[in-house]
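Here is a short briefing to read alongside the structure. Take a look at the chain first, and then we can go through its charged pairs, its sheet and its core.

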Amino acid sequence: MSTKKEIASLHKVVKNYGEGKVLTKALRGISMKILEGDFSVMMGPSGCGKSTLLNIIGGLDRATSGDVKFNNQDFNTCLLYTSDAADE
């Protein structure tokens, strides 16, 4: 029995745009795992957060809160997202 490698994992991921009265909640507490060799599909109506989720998984955008890992790399502590990265 072989064990599949975890490619991506999200735990309670939230993504908000704007603030105050103009706050848009794009993702609300998404948790999921994608395993090596799995075929995954995201379906939903326009504006439901599909592209936002893919951008977060791919490292193009950052979650407002929650844990995001890709190939066991924690995107919350990745150098790409630290405040010091812009200074280097």
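**Charged pairs, sheet and core**

Glu6 counts as partly exposed, because its relative accessibility is 30%. Keep in mind that this is a predicted model.

**Salt bridges**
- The structure holds three salt bridges.
- Glu6 sits in strand S1 and Lys33 in strand S2, so their pairing ties together parts 27 residues apart in sequence.
- Lys33 is exposed, with a relative accessible area of 59%.
- Asp61 and Lys15 also meet through their side chains in a salt bridge (3.3 Å, N to O). Asp61 belongs to the loop between H1 and S3 and Lys15 to strand S1, so this pair links parts that are 46 residues apart in sequence.
- Lys15 is buried, at 9% relative accessible area.
- Lys4 forms a salt bridge with Asp38, with their closest N and O atoms 2.7 Å apart.

**Sheet**
- Four strands form an open sheet in the order S2-S1-S3-S4, with antiparallel pairing.
- Strands S2 (24–35) and S4 (73–74) are at the edges with a single partner strand each, so one side of each has no neighbour in the sheet.
- Five bridges join S1 (residues 6–17) to S3 (residues 65–70) in the antiparallel sense.
- Ala8 has Phe70 in S3 as its bridge partner.

**Nonpolar core**
- The largest nonpolar core has eleven residues, among them Ala8, Leu10, Ile34, Ile57 and Phe75.
- S1, S2 and helix H1 (50–57) are the elements giving two or more residues to this core.
- Beyond its neighbours within four places in sequence, Ile57 is in contact with Ala8, Leu10, Ile34, Phe70 and Phe75.

Notes. Residues are numbered from 1 along each chain as its sequence is written. This is a predicted model: local features need pLDDT of at least 70, side-chain atom pairs count only at pLDDT 80 or more; totals for chains, interfaces and linings use all residues. Side-chain values use heavy atoms; hydrogens and water are left out. Two strands pair if DSSP finds at least two bridges between them. A nonpolar core is a set of buried Ala, Val, Leu, Ile, Met, Phe, Trp, Tyr and Cys residues joined through side-chain atoms within 4.5 Å. Buried means under 20% relative accessible area, exposed over 50%, partly exposed in between (1.4 Å probe, protein chains only). Contact means heavy atoms within 4.5 Å. A salt bridge is a side-chain nitrogen of Lys or Arg within 4 Å of a carboxyl oxygen of Asp or Glu.
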